[in-house]
Amino acid sequence: MIKFRKVDNSEIAVITAIAGYHPMQHLKALSAELNSIDYCGVVVFDLLVFNGQSDNRFATLFFNGKSFDRASFKTPTDIDQNLINKQDNYFRTHPDLLKKSVLSFSELKNF
């Protein structure tokens, strides 16, 4: 699923991974979806269910309007706190998504 969030007064695409769906393995299908909505810009992937609360929870790729620029792949450490809060709230309201995640029992209690 693709969600859009406003970050620093610019629109970025946020893609949330869920158990059984690792978005990095579906870049071709995601490209088609982003292309169909005429999106061009940074795409943030929230990989919490696979990577937990580690430094690589978030990854970014640039989408040029047709395809992802794989050379632009980053695991940034300066993700906007507003975006993190919104993603955390999403998981709080969908706790079933975290049941099959890599999060420990104590980490799950924080959601």
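Which exposed residues does the face of α1 turned away from its buried side carry? Keep that in mind; the tour comes back to α1.

**Before you start.** This is a predicted model: local features need pLDDT of at least 70, side-chain atom pairs count only at pLDDT 80 or more, and totals for chains, interfaces and linings use all residues. Residues are numbered from 1 along each chain as its sequence is written, and side-chain values use heavy atoms, with hydrogens and water left out.

**Whole chain.** Show the cartoon. There are four helices and five strands, in the order β-β-α-β-α-β-β-α-α. Helices (H or I, at least four residues) and strands (E, at least two) are DSSP runs, numbered from the N terminus. The C-alpha trace spans about 40 × 30 × 25 Å along its principal axes.

**Surface.** Switch to a surface view. The chain exposes about 6,500 Å², and carbon and sulfur atoms supply 50% of it. Areas come from the Shrake-Rupley method with a 1.4 Å probe. Buried residues make up 43% of the 111. Buried means under 20% relative accessible area, exposed over 50%, partly exposed in between (1.4 Å probe, protein chains only).

**Helix α1.** Select residues 27-36. Leu27, Leu30, Ser31 and Leu34 are buried. An α-helix has 3.6 residues a turn, so residues three or four places apart point the same way. On the face turned away from the buried side sit the exposed Lys28, Ala29 and Ser36. Just after α1, select aspartate 38, which takes a positive phi of about 55°.

**Serine 67.** Go to the loop between β4 (58-63) and β5 (68-74), where serine 67 is found. Serine 67 is partly exposed, at 33% relative accessibility. Leaving aside residues up to four places away in sequence, serine 67 touches Ser31 and Phe62; contact means heavy atoms within 4.5 Å. Now draw a distance to threonine 93, 26 residues apart along the chain: the C-alpha atoms are separated by 32 Å.

**Glutamine 81.** Finish in helix α3 (residues 81-93), which holds glutamine 81. Its relative accessible area is 47%, partly exposed. Leucine 61 is 20 residues apart from glutamine 81 along the chain, and their C-alpha atoms are separated by 19 Å.
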